[in-house]
Amino acid sequence: MVDKYNPQEIEAKWRQKWAEDKLYQVTEDDTRPKWYALTMFPYTSGDLHIGHWYAEAPADARARFKRMQGYNVLHPMGFDAFGLPAENAAIRRGIHPLTWTMQNIENMRRQLKSIGAIYDWSREVITCLPDYYQWTQWFFLKLYEHDLAYRAKAPVNWCPRCQTVLANEQVVNGLCERCETAVSRRDLEQWFFRITKYAEELRQHDSLDWPERIKLMQRNWVGKSVGAEISFALDHPGVAEKEIRVFTTRPDTLFGVTFMVLAPEHPLVAKLTSADRKDDVEDYIIQARQQTEIERLSTEKEKDGVFTGAYVINRLNGERVPVWIADYVLLSYGTGAVMAVPAHDERDFAFAKKYHLPIRVVIAPPGWQGEELAEAYIESGTMVNSAQFNGLNSQPGIAAVSDFLKEKGYGGATTTYRIRDWLISRQRYWGAPIPMIYCEQCGIVPVPEEDLPVLLPEDAEFKPTGESPLKYVAQFVNTTCPRCSAPAKRETDTMDTFMCSSWYFLRYASPHYGRAAFDPDKIKYWLPVDLYTGGAEHAVMHLLYARFFVKALRDMGLVDFDEPFTRLFNQGIIIAEHQKMSKSRGNVVTPDEYVTRLGADTVRTYLMFIGPWEQGGEWNDSGISGISRWLNRLWHLMLEEYNCHEQVSAAAREEAQQELTRITHQTIKKVTSDLEKMRFNTMLAALMEFTNYLAKAGEAGQISDSAWKESLASLLLLLAPTTPHLAEELWQRTGHEYSIHNQSWPRWDEALAKEEEITLVVQVNGKLRDRITVPVSITEDEARQLAANSPHVQPYLEGKTMVKEIYVPGKLVNIVVR
């Protein structure tokens with residue numbers, strides 16, 4: 001009698017065995033091709049929910065599959081451990097962020113190990129530990145050394161609840177993505193990375209096997225505008241600046257400029273504003289600062305502004321152009337100044353109408369006779385009121401004006417991008433300290449590399465003051481200048497945690513290397529990542545930053561590849577009760593209870609069966625129960641004694657074994673194809689069909705004992721990536737040597753997998769019209785459909801009424817019409 005399937009006992013036993021034998025530890029083995037499969041590492045929130053498992057279990061099955069195919073597979077795991085949530089949670093609980101984070105890691109590591117994945121835990125990285133963030137700081141110094149890191153005063157997104165700066169990507173519909181508090185604007189000295197230097201490269205994905213929607217999201221985020229930069233002359237008392245430069249995609253409209261608009265935060269506003277306009281301008285600036293960028297750019301918001309009292313000169317026609325400020329112009333986009341052409345821009349037209357500003361037509365609409373426009377004409381046309389450029393169409397006009405600007409030294413053709421430099425400063429404690437020192441004598445001085453890491457002090461006091469808690473730790477702040485040894489101050493901001501995740505995939509190659517961030521030889525072996533899996537929500541943050549990071553390192557000569565992730569695959573999300581899971585809805589599914597009750601292999605399998613991986617699906621308890629029943633049937637199928645009936649004729653036995661061989665090879669082919677394409681649900685459907693077939697074949701007893709055992713072994717090998725513990729246990733119990741996970745992936749023979757074929761005669765009213773080759777297993781419905789759809793038959797059916805169809809299995813289909 002077969003003993004009961006006990007997944008808890010089996011899974012614990014094999015996980016311990018694999019760990020003791022270091023089965024999944026990976027070395028650089030040149031005899032096998034490498035395969036670097038990486039799943040986005042989790043943030044240390046405390047508990048893995050079923051969404052984590054949905055990202056990790058199928059990815060592990062794919063990595064196991066590649067390992068069995070003969071690849072040297074690196075599939076590591078670590079923890080994204082710095083960040084605002086950890087600090088806020090620690091404050092609420094009255095414990096240190098490090099204590100809270102490491103407790104969470106311990107629990108999450110336990111949960112991750114219960115998955116039974118092939119993670120090489122000897123390569124684990126934890127971004128909040130000094131042996132990791134030492135190198136995060138080192139990379140900052142390298143970026144600074146190569147003029148890719150700089151400090152500037154700039155308006156920033158400020159979350160009043162989190163008390164920190166947010167990157168543009170972290171503001172969603174005007175709200176903080178973490179706490180959903182309305183975001184306001186502040187001016188602060190900030191550190192930036194010059195990601196804009198790589199804007200054009202970041203728009204290119206030609207070498208990448210990525211989802212089209214992610215490519216599109218990145219291209220749109222980076223943006224690209226081709227036009228001209230134009231200098232307007234400035235001659236204002238007491239102002240050193242002699243020009244204001246603007247960018248436009250329509251230099252052909254330059255003669256139609258009747259006013260200029262500056263962003264309220266533009267540094268020239270205070271210098272240019274006349275005394276009689278000062279109060280109105282300052283009131284407007286205060287009002288603008290209370291709005292988010294989303295609100296300011298809203299198409300539904302009525303455009304308003306204030307005149308500064310100042311003028312610039314349009315160099316092409318010598319006209320004085322009044323300078324206004326308006327909140328629809330952003331300092332963070334372009335030059336923070338816009339030339340307004342109300343006749344040919346809808347926003348400028350509405351603004352000019354509201355404030356009674358001139359509207360001059362310089363691009364003639366079709367049939368225009370000089371009449372006043374009822375609305376802005378924004379299409380191409382013929383240049384008018386434009387001096388020597390009159391009569392040119394818009395496209396040649398754009399080129400001609402751009403060339404003229406360049407010739408005169410007033411500007412010229414250029415390209416701008418929507419993306420802004422990456423703001424990395426955070427006024428918080430729980431992040432990698434920025435390794436810079438401020439000296440009254442020497443200015444900004446980098447921390448020497450030999451003094452890294454700059455350690456976080458353990459005795460910081462957490463106050464939501466809007467400034468970094470590090471400011472109040474005297475032992476941290478007060479230091480000496482590395483150049484002149486005079487008293488100096490440390491930078492008290494920490495880095496955006498996206499800095500940590502922009503290079504973690506490099507550290508996995510040599511996580512214990514002490515002489516640099518990574519061992520160059522091991523990077524050459526493992527990188528780039530062959531397959532990166534994770535959520536699509538990271539399209540314009542983590543994925544973009546990691547690409548920038550690798551390109552910058554390439555240009556420094558530290559790596560020899562252009563892109564971090566050759567292929568990207570985004571899984572969908574798991575919902576419950578028809579809604580996205582959230583604690584507030586009370587519908588979060590935790591995997592631990594199901595692992596305890598049904599086993600990790602059952603949870604893994606159900607998540608892969610729930611639907612196409614890229615689409616996600618809905619968690620359903622009855623669905624996972626069905627998977628549990630299937631695995632129990634499988635257990636018994638493998639272990640129950642097979643009885644080969646002696647009285648079966650040789651012909652019947654041969655026919656049964658040919659069918660078994662064909663179906664086995666077809667299943668191997670199907671499962672292999674589906675695993676390559678990450679179609680886990682259809683892969684499992686094929687295995688379920690194979691299981692059902694074997695159960696019936698076992699009852700019939702027509703197959704030889706050796707053929708039966710061979711097919712069972714194939715089934716176990718095909719199951720191994722999905723149910724690693726169960727497959728290992730059954731592999732041993734069915735007489736094989738440890739370990740199934742060191743076995744080669746089964747291969748199919750195309751000839752053996754091919755269906756036996758017959759020739760089917762197709763008649764219409766008893767007359768031969770076609771012969772078609774079909775599988776011997778074809779059903780009556782399939783035969784009738786093929787016959788009716790034959791191009792040789794259809795002419796005889798047109799305009800006729802089908803009376804009946806006569807089907808003779810394996811021989812003919814006769815269609816009777818009139």
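Colleague: What should I know before we start?

Modeller: This is a predicted model, where local features need pLDDT of at least 70, side-chain atom pairs count only at pLDDT 80 or more, and totals for chains, interfaces and linings use all residues. Residues are numbered from 1 along each chain as its sequence is written, and side-chain values use heavy atoms, with hydrogens and water left out.

Colleague: Why is Thr-605 called buried?

Modeller: Buried means under 20% relative accessible area, exposed means over 50%, and partly exposed lies in between (1.4 Å probe, protein chains only). Thr-605 has 0% relative accessibility, so it counts as buried.

Colleague: Where does Thr-605 lie, and what does it touch?

Modeller: Thr-605 lies in helix 19. Helices (H or I, at least four residues) and strands (E, at least two) are DSSP runs, numbered from the N terminus. Contact means heavy atoms within 4.5 Å. Not counting residues up to four places away in sequence, Thr-605 touches Ile-627, Trp-630, Leu-631, Leu-684, Thr-722 and Thr-723.

Colleague: What makes the approach of Thr-605 to Asp-601 a polar contact?

Modeller: A polar contact is a pair of N or O atoms within 3.5 Å. Within protein, one must be able to donate a hydrogen and the other to accept it, and residues adjacent in sequence count only if both atoms are side-chain atoms. A polar side-chain atom of Thr-605 is 2.6 Å from the backbone oxygen of Asp-601.

Colleague: How do you know that Thr-691 is buried?

Modeller: Its relative accessible area is 4%, so Thr-691 is buried. Thr-691 sits in helix 22. Its side chain has a polar atom 2.7 Å from the backbone oxygen of Leu-687. Thr-691 also touches Trp-630, Leu-634, Leu-637 and Leu-715, leaving out residues up to four places away in sequence.

Colleague: How does the span of helix 22 compare with what is expected?

Modeller: The expected span is 1.5 Å times one less than the number of residues. Helix 22 (residues 680-700) has 21 residues. From first C-alpha to last, helix 22 reaches 30 Å, close to the 30 Å expected.

Colleague: What covers the buried residues of helix 22, and what follows the helix?

Modeller: The cover includes helix 2 (50-68), helix 20 (621-639) and helix 23 (705-719). Among the buried residues are Phe-680, Leu-684 and Tyr-693. Gly-701 follows helix 22, with a positive phi near 65°.

Colleague: What makes a set of residues a nonpolar core?

Modeller: The members are buried Ala, Val, Leu, Ile, Met, Phe, Trp, Tyr and Cys residues, joined through side-chain atoms within 4.5 Å. The largest such core has 184 residues. Phe-140, Leu-143, Phe-505, Leu-527 and Trp-619 have the most contacts inside it. Apart from that core lies another, of 53 residues, including Leu-254 and Phe-307. In soluble globular proteins, nonpolar side chains tend to be buried together.

Colleague: Why is the pair of Phe-255 and Phe-389 called tilted?

Modeller: Rings of Phe, Tyr and Trp (its six-membered ring) pair if their centres lie within 6.5 Å. Planes under 30 degrees apart count as stacked, over 60 as edge-to-face, and the rest as tilted. The centres of Phe-255 and Phe-389 are 6.0 Å apart and the planes stand at 50°, so the pair is tilted. The pair ties together parts that are 134 residues apart in sequence. Both Phe-255 and Phe-389 are buried. The structure holds 44 aromatic pairs.

Colleague: How do you know that Arg-320 sits over the ring of Tyr-311?

Modeller: NZ of Lys or CZ of Arg must be within 6 Å of the ring centre and within 35 degrees of the ring normal. Arg-320 lies over the face of Tyr-311, 3.9 Å from the ring centre. The charged end of Arg-64 sits over the ring of Trp-18, at 5.5 Å from its centre.

Colleague: Which peptide bond at Pro-528 is cis?

Modeller: The bond from Leu-527 to Pro-528 is cis, with omega near 0°. Pro-528 lies in the loop between helix 16 (520-526) and strand 24 (531-534). Another cis bond joins Tyr-738 and Ser-739, with omega about 5°.
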